[in-house]
Structure formats: structure tokens, C-alpha cells
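This report describes one protein chain. The sequence and the structure are shown first.

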Amino acid sequence: MSVTTVPSVTTALTTPKTVIPAPASEQHARDDDNAWARLIEAVQESGQYPTRSEAERVTRIVLSALGGHVIGDERVDLARVLPEEAARVVASQIPVTRRLTAAEFVDSVAARIEGATPATARWDVSSVLSVLPPLVGDDLVTRVLAQLPAGYALLFGRADLSPAS
């Protein structure tokens, strides 16, 4: 928490006596920076990425791909609970005109990552999406999954319990 100090009223040469908390908006920005760092750390651990920068690159790619597929209230709510940087990545995407199956979604991520295969892209997608439920809440993840075609639940680290057709 940052603080602002105010000199004593009796003389400006005395030590500061009053501590005033920084404005809430300034504190929120610092907390959000920490939330982004925690998200990247979680992805790095989940995906066993050797560097933070690799985990951050994968996180941005996967969240940008997801951002085009989540619409309406779920998109707004997702952006509201994600760290600010992650929210920007999600919210800046233009909604897709055609929903991709989970396999097509993974393939679209593979196309954005140099040298990726469908297997490595599936790893990347799952490494990012599986850390979201504890961060954004199971209820919101359930609502997001309701918008997406069958198969995405596995990418979020959930069993796909949709009825067989």
C-alpha cells in the first residue's frame, strides 16, 4: 500500500506524523498488476513453461482467441473479474462470425504460435484456460461454457458432461 505523508502542523522540520492511504484507484492499479503477475505465474506453473515471458505470450494468444468467442454478459463479466491486462486482451477481440469446435479452436491457436502442433497448442490452451476457474469463479466458467460448442469443458480442466447425441 502506498502512503502519502503529511508534515507535523507545528513545524515542517519535524518528522512526518500522519499517514494517509493512497487513493483507492492507485492502489487498485497496483493490485491488478499483481493479479496479472499471479495469472502468468499460474499459467507458467500449469504449463511448465521455462520462462515467464513464454507463459505471458501463450496467455495473451489464448485469451485473445477466447475473446472472440465469448459474447454478451459473459464477456462483460469475464472482463470485469480478470486482471486489467487480461481483460483488455479479451475485450479487444471482435466477436467471431462462426463458432469453432474445441478442436478447431485449438487449431486456430496453433496457427498463431510459431512451430506449434495441435498437441502443443492443446497443451497451451489447457494451461491457460484451466487456471481461469479459480480466478473467475465456477459459475462464470459454467456460463461461458454454455455459450461454446461441446468439448470446451475439457480445455478448462472440467469433465465434459454434455449428453451424448
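## Overall architecture

The model is predicted. The protein chain holds nine helices and two strands. Read from the N terminus, the order of elements is β-β-α-α-α-α-α-α-α-α-α.

Of the 165 residues in the protein chain, 39% are buried. Among contacts with a separation of 6 or more, 60% are between residues 24 or more positions apart.

## Packing of H2 and H4

Helix H2 spans residues 52-67 and helix H4 spans residues 84-91; their axes lie 7 Å apart, at an angle of about 45°. This angle makes H2 oblique to H4.

On the H2 side the contact is made by Arg 60, Leu 63, Ser 64 and Gly 67, and on the H4 side by Glu 85, Ala 86, Val 89 and Val 90. By class, the residues of this contact are four nonpolar, two polar and two charged.

## The aromatic pair

A search of the whole structure gives one aromatic pair. The ring centres of Phe 105 and Tyr 152 are 5.4 Å apart and the ring planes are at 55°, so the pair is tilted. The cut-off for edge-to-face is over 60 degrees.

Phe 105 belongs to helix H5 (residues 102-112) and Tyr 152 to helix H9 (residues 152-155), so the pair ties together parts that are 47 residues apart in sequence. Phe 105 and Tyr 152 are both buried.

Technical notes. Residues are numbered from 1 along each chain as its sequence is written. This is a predicted model: local features need pLDDT of at least 70, side-chain atom pairs count only at pLDDT 80 or more; totals for chains, interfaces and linings use all residues. Side-chain values use heavy atoms; hydrogens and water are left out. Helices (H or I, at least four residues) and strands (E, at least two) are DSSP runs, numbered from the N terminus. Buried means under 20% relative accessible area, exposed over 50%, partly exposed in between (1.4 Å probe, protein chains only). Contact means heavy atoms within 4.5 Å. Rings of Phe, Tyr and Trp (its six-membered ring) pair if their centres lie within 6.5 Å; planes under 30 degrees apart count as stacked, over 60 as edge-to-face and the rest as tilted. Axes are lines fitted to C-alpha atoms, for helices over the stretch in contact, and angles run from 0 to 180 degrees between N-to-C directions. Angles under 35 degrees count as roughly parallel, over 145 as roughly antiparallel, 65 to 115 as roughly perpendicular and the rest as oblique. Ala, Val, Leu, Ile, Met, Phe, Trp, Tyr, Cys and Pro count as nonpolar, Asp, Glu, Lys and Arg as charged, and the others, Gly among them, as polar.
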